[in-house]
Amino acid sequence: SKTPTSYMVEAARLGTLIAEGGHVCVNGGGKLGGMGALNAAVAAHGGVIRGVIHRRWVVDEADFAVSSAGGGSSMRVCDGDDLSERKRALREEAD
């Protein structure tokens with residue numbers, strides 16, 4: 001990953017805090033870079049991830065962080081000609 005180590009460390013710290021606080025982590029659901037570090041820490045600490053992605057970016061579902069996350073985690077794949085459906089879905093999943 002080209003993501004700076006300091007960013008990865010802070011993303012993991014945030015993921016730990018999200019999980020320990022009992023919050024749900026809503027994002028793109030990826031395993032790489034800062035998002036991957038965040039999601040890995042959420043999963044490692046028993047947290048829940050709600051991934052939201054547009055179908056055009058789905059290559060291999062094994063790339064989704066939710067595949068290794070705990071119960072209650074899910075991945076939502078959105079359709080549409082642009083990203084408005086994904087943005088709407090992200091808002092719906094957030095509190």
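A salt bridge here is a side-chain nitrogen of Lys or Arg within 4 Å of a carboxyl oxygen of Asp or Glu. This is a predicted model, where local features need pLDDT of at least 70, side-chain atom pairs count only at pLDDT 80 or more, and totals for chains, interfaces and linings use all residues. Residues are numbered from 1 along each chain as its sequence is written, and side-chain values use heavy atoms, with hydrogens and water left out.

**Stop 1**

Select Arg13 and Glu10. They form a salt bridge, with the closest N and O atoms 3.1 Å apart. Both sit in helix α1 (residues 5–20), three residues apart, about one turn of the helix. Helices (H or I, at least four residues) and strands (E, at least two) are DSSP runs, numbered from the N terminus. Now colour by accessibility: buried means under 20% relative accessible area, exposed over 50%, and partly exposed in between (1.4 Å probe, protein chains only). Arg13 is exposed at 51%. Glu10 is partly exposed at 43%.

**Stop 2: the charged network**

How many salt bridges does a search of the whole structure find? It finds seven. Side chains of opposite charge can pair when their charged atoms come close.

Go to Glu93 and show Arg50. Their salt bridge has its closest N and O atoms 3.5 Å apart. This pair links distant parts of the chain: Glu93 is in helix α3 (residues 84–93), Arg50 is in strand β2 (residues 48–54), and 43 residues separate them. Both are partly exposed, Glu93 with a relative accessible area of 26% and Arg50 with 23%.

Arg76 lies in strand β3 (residues 74–78), 17 residues from Glu93 in α3. Arg76 is partly exposed, at 25% relative accessible area. Then widen the selection to Arg50, Arg76, Glu85, Arg88, Glu92 and Glu93: salt bridges that share partners join them into one network.

**Stop 3: helix α2**

Select residues 33–44, which form helix α2. Check its length with the expected span, 1.5 Å times one less than the number of residues. For the twelve residues of α2 that gives 16 Å, and the end C-alpha atoms are 16 Å apart, which agrees. Which residues of α2 are buried? They are Gly33, Gly36, Ala37, Leu38, Asn39, Ala41, Val42 and Ala43. Their cover includes α1, β1 (24–27) and β2. Step just past α2 to Gly46, which takes a positive phi of about 75°.

**Stop 4: Asn27**

Select Asn27, in strand β1. Asn27 is buried, at 11% relative accessible area. Its side chain reaches the backbone nitrogen of Gly29 at 2.6 Å. Show contacts next (heavy atoms within 4.5 Å). Leaving out residues up to four places away in sequence, Asn27 touches Met35, Leu38, Asn39, Arg50, Gly51, Val52 and Leu90.

**Stop 5: the nonpolar core**

A nonpolar core is a set of buried Ala, Val, Leu, Ile, Met, Phe, Trp, Tyr and Cys residues joined through side-chain atoms within 4.5 Å. Select the largest one, twelve residues in all: Ala11, Ile18, Cys25, Ala37, Leu38, Val42, Ala43, Ile49, Ile53, Phe64, Ala65 and Val66. α1, α2 and β2 are the elements that give two or more residues to this core. α2 gives the most, with four. In soluble globular proteins, nonpolar side chains tend to be buried together.

Finish on Val66. Not counting residues up to four places away in sequence, Val66 touches Gly29, Ile49, Gly51, Ser73, Ser74 and Met75.

Definitions and conventions. Polar contact = N/O pair within 3.5 Å; in protein donor to acceptor, adjacent residues only side chain to side chain.
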